[in-house]
Amino acid sequence: MITGLAALERGWETAVAFWPHHIGEREPGSGGHRPPPGLEQLRHALQHLFERALAPLAERLHRLGASADQGSVAGVVLNVGAAALVVAGHLFPAGALYLIAGMLDLLDGVLARASGKPTRFGAFLDSTLDRASEGVVLAAIGYRFAIEGSAIDAGIVVLALLGSFLVSYVRARAEGLGAECRVGIATRAERVVLLALGLLSGLLPEAVRIVALLSAVTVVQRIACARRGLRAAD
C-alpha cells in the first residue's frame, strides 16, 4: 500500500513538472493561486511529452533533408491507407495505421521547428490536410457501415464528420475575427484516439457515436468561447 502511494506521488510530481504553470503558483498581481490544471493544460502537457520524444527522430529526418510539408503529405498517405484497410474490412491494422498517421501530425510540427523555418503556408497546409485525412477515414467507416446494412450508424458517421469540421471551422472563424478559441473536450487528437481505439477494439459504432457527441459539445463550447471573446472586443 505504501509503495503504491509513493509511486502515485512520484507520478503526480512528474506530471506537474510539465504543466505550463505549477500547482499553487500565484497569479501575477493577485493574492490567490492559479487553478489546478484543466483539460487544456493536460492536452498541452501530453503534446509536449510526445514532441520531446519525437525530437530526436525529427532531427535525424531533418539532416536527411525531410521537410515538415513532406511530413504532412506522408500523414495523408497513411490515412488513405488506413481508409483503404477499413473499406477492405481489416479494422485492426487500420486502427494501428491511423494511430501512426496521428503521430505524424505531431512530427511535422517538430520537423518545422527543427529546420528553424516554420512557415505560415506550412501551418495552412497541415490544417488543410488534417481535414482531408479525417474526412477520408470517416468516409471509409461510413461505407463500411453502409455495406453492412447499418444505416443509422452510417448516418451518425455523417454527423461525426460534420461535427469535426465545425470544430475546426468555429475556431478558425473566431480567430479570424480576433478571438482566441482553443477550448473544447474533443479536438482532433481526441477524435483520432477515439476512432483508433474503436477500430482496434471492434467497438467502432460506439466510438463513432462518442466522437459525434463530443464533437457537438466542443462546437457549443467554442461558440460560447467565441461569444465571450468577440463581445469583449466589441
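## Starting with one serine

Which helix does Ser133 lie in? Ser133 belongs to helix H5, which covers residues 120–147. Keep in mind as you look around that this is a predicted model.

Is Ser133 buried or exposed? Ser133 counts as buried because its relative accessible area is 2%, and the cut-off for buried is under 20%. Setting aside neighbours within four places in sequence, Ser133 is in contact with Gly75, Val76, Asn79 and Arg188.

## The whole chain

The protein chain has eight helices and zero strands, so its pattern along the sequence reads α-α-α-α-α-α-α-α. Of its 234 residues, 34% are buried. The chain exposes about 13300 Å², and carbon and sulfur atoms supply 67% of that.

Contacts reach across the sequence too. Take the contacts between residues at least 6 apart in sequence: 72% of them join residues at least 24 apart.

The mean pLDDT of the protein chain is 79, and 73% of its residues reach 70 or more. Over residues 1–37, though, pLDDT stays under 50. For that stretch the model has 29 contacts beyond four places in sequence. Where pLDDT is low, the predicted coordinates should not be read in detail.

Helix H6 takes in residues 151–176, 26 residues in total. From its first C-alpha to its last it reaches 37 Å, close to the 38 Å expected at 1.5 Å a residue. Just after H6 comes Gly178, which takes a positive phi of about 105 degrees.

The buried residues of H6 include Asp153, Ala154, Ile156, Val157 and Ala160. What do the buried residues of H6 pack against? Their partners are H5, helix H7 (188–201) and helix H8 (204–233).

Ile156 is a handy one to zoom in on. Not counting residues up to four places away in sequence, Ile156 touches Val208, Arg209 and Ala212. Ile156 and Val208 are 52 residues apart along the chain, yet their C-alpha atoms are separated by 7.1 Å.

In soluble globular proteins, nonpolar side chains tend to be buried together. Here, the largest nonpolar core has 23 residues, and those touching the most other members are Tyr98, Ile141, Phe145, Leu195 and Val208. The elements giving two or more residues to this core are helix H3 (68–87), helix H4 (91–115), H5, H6, H7 and H8. H5 provides the largest share, five residues.

Phe145 shows how such a residue sits among its neighbours. Leaving out residues up to four places away in sequence, Phe145 touches Ser150, Asp153, Ala154, Val157, Leu204, Pro205 and Val208.

## One aromatic pair

How many aromatic pairs does a search of the whole structure find? The search finds one. The ring centres of Phe121 and Phe124 lie 6.1 Å apart with their planes at 40 degrees, so the pair is tilted. For such a pair, planes under 30 degrees apart would count as stacked and over 60 as edge-to-face.

Both Phe121 and Phe124 lie in helix H5, three residues apart, about one turn of the helix. An α-helix has 3.6 residues a turn, so residues three or four places apart point the same way. Phe121 is exposed, with a relative accessible area of 51%, and Phe124 counts as exposed at 53%.

Key
Residues numbered from 1 in each chain as written. Predicted model: local features only at pLDDT ≥ 70, side-chain atom pairs only at ≥ 80, totals over all residues. Heavy atoms only, no water. Helix = DSSP H or I, 4+ residues; strand = E, 2+ residues; numbered from the N terminus. Buried < 20%, exposed > 50% of the residue type's maximum accessible area, 1.4 Å probe, protein only. Contact = heavy atoms within 4.5 Å. Expected span 1.5 Å × (residues − 1). Phe/Tyr/Trp six-rings, centres within 6.5 Å; stacked < 30°, edge-to-face > 60°. Core = buried A, V, L, I, M, F, W, Y, C linked by side-chain atoms within 4.5 Å. pLDDT = per-residue confidence, 0-100. Areas by Shrake-Rupley, 256 points an atom, 1.4 Å probe, with all protein chains shown as cover.
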